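Subject: Structure handover

Hello,

Here is the structure I said I would pass on. My notes follow below it.

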Amino acid sequence: MAKTNESRKKGMRYFIALIWMMMTSFALHAQEKTDTLGGAVTYLTSLSVYVKFPSTTSVSIGDTLFGLVDGKLQPFLTVKHLSSTSCVGTPLTTIPIQKGSRMYARIRKEGPSKKDSIETDSMFIIPEVVISDIQKEDVASINKPVESHPIEKSSFKGRLSAAAYINFADHPQSNQQRMRYVLNMNARRINHSGLSAEVYMSFRHTLNEWVEVQQEFLRAFKVYNLALEYDFNHGTKIWAGRKINFNISNIGAIDGVQAEKKWKKFLAGAFGGSRPDHMDYGFNPNLVQYGGYFGNNIELKNGIIQNTLALVEQRNSGMTDRRFMYFQHINSSIRRVYLFTSFEFDLYTLDNEKPKNTFDITSLYISARYRVSDKLSFFASFDSRNNVIYYETYKHFIDQLLEEETRQGFRLSFNYRPIKKMTIGANAGYRYQQDTPGNSKNLNTYITYSRIPGLNVSATANLTLIHSPYLDGIVYGVRFSRDIVEGKLFGEFQYRIAEYGYTNVEIPIQQTIMGLNLSWRITRMLSFSANYETEIQHQRWNNRIYTNLIQRF
């Protein structure tokens, strides 16, 4: 077994060397420079996620939406339906998505007149998801290329939201109401100086369970981002506080001090501080971490190539918890092609309780998008990541997450628009596990027709097939949506049937699911949304209501 593992590691090293040579040779044609557009999840079901944007003018069906998981960016959704201000996406990941989570679209950077007409959101927030698995898929795919910009103007943006999650059913023990409040603020160039500040924090609680909040306040109150920044106007920046650095976003939030220097084609940075606590995401000075990174940004005539290499030491109570190196590569220099890859190497191990230097490949992820034309695009990814080992936080190998191989596999999707208002798409996934008798497969297909003549209604029909060692299922349904009052009130209705069976259960399960979604833009700065979903199973029903009031300032 040891020999097999060593052969596999050696093969992986050769493979990465080949990828490295391929990446450094890419410098061919052009692709449009891009910007980002921020939106928020307003409603979700088991198959679809609804995201609200200020405008979807620059978003297309088939685009990828990116989110943040525990401070780490990754692709979350494929857009399969659009309205003027909202979109419906199919999940690209098995990680849970929460209502209110921030999503980002990568859009073409237009000229000043078009750009000014889109209300982009320069702030980022982190969804309230606590996951120990470090996901890095397409981490920097929303990062902008380093450019020579004029001095940034003073600005202040923020949002305050209050959301209610209500669950009620025919069995009273399931009745529950949860509240969540979020403050998100970004002040840039305060008083025309180099000082900026950013905040993202949330508070949630369940009605009639206030005692739990008092006993464990940090489980209810979360600070995901609280930092000051000072820009010296010569490519040098310093941050203090809790901050996620997008150049090394796989590390997650850093509580401490960070500094970065940019030149025309290169950048270098360093940081020192601690990691958030594993249990409640609070401040924990025992989890010391420090390191540095450097990279380059090659702007070719029609595209960019970005590379970043980071070295990180993480400790727990003075003892080495993990030591690793991370590399990521972004390439858009080939016309109509976008390539992202990342890999990670562990440089430290314990052999019979004795420290030892090593060079083991922890993860490898590659994704590529090819837009054949404005009507047809393909996306493919390969994932061979493993869970990392924290030697002091988790004392033994068995304390790792048990499903170490579940993320590993392939994913392929396509989107095709045969006529102006029709889109056909599918995405398939294949995930393999070395220690189980079977593999997991899933296939999702859909067809959308936008703005049916005479009704101005968009309709979508979809079908999903799922197969795993313990579950087989099929889900199919339809969705109708339209602007009830253009630019002000948006409505949506869906109907789905889910049929699935567990390997060890003889009687299959059938669910009928119906949902209604209304979004109201009261003023330019104030909006309200309400979502209702009912689920009927074997003459039993369960209802969910989600409301969200957002005030921007």
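Of the 553 residues in the protein chain, 51% are buried. Please keep in mind that this is a predicted model. The chain exposes about 26800 Å², and carbon and sulfur atoms account for 61% of that area.

The protein chain contains 4 helices and 28 strands. I also looked at contacts between residues at least 6 apart in sequence: 53% of these join residues at least 24 apart.

The rest of this note is about strand 9, which covers residues 195–206. A residue counts as buried when its relative accessible area is under 20%. By that cut-off 9 of the 12 residues of strand 9 are buried, so the strand is largely enclosed by the rest of the structure.

What does strand 9 pair with? There are two partners to report here:

- Strand 8 (residues 176–188) pairs with strand 9 in the antiparallel sense, over 10 bridges. Within this pairing, A187 has A197 of strand 9 as its bridge partner.
- Strand 10 (residues 221–231) also runs antiparallel to strand 9, and 9 bridges join the two. Here A227 in strand 10 stands opposite E198.

Strands 8 and 9 form a hairpin with 6 residues between the strands. In that hairpin, R189 takes a positive phi near 50 degrees.

Regards

Notes
Residues numbered from 1 in each chain as written. Predicted model: local features only at pLDDT ≥ 70, side-chain atom pairs only at ≥ 80, totals over all residues. Heavy atoms only, no water. Buried < 20%, exposed > 50% of the residue type's maximum accessible area, 1.4 Å probe, protein only. Contact = heavy atoms within 4.5 Å. Areas by Shrake-Rupley, 256 points an atom, 1.4 Å probe, with all protein chains shown as cover. Pairing = 2+ DSSP bridges.
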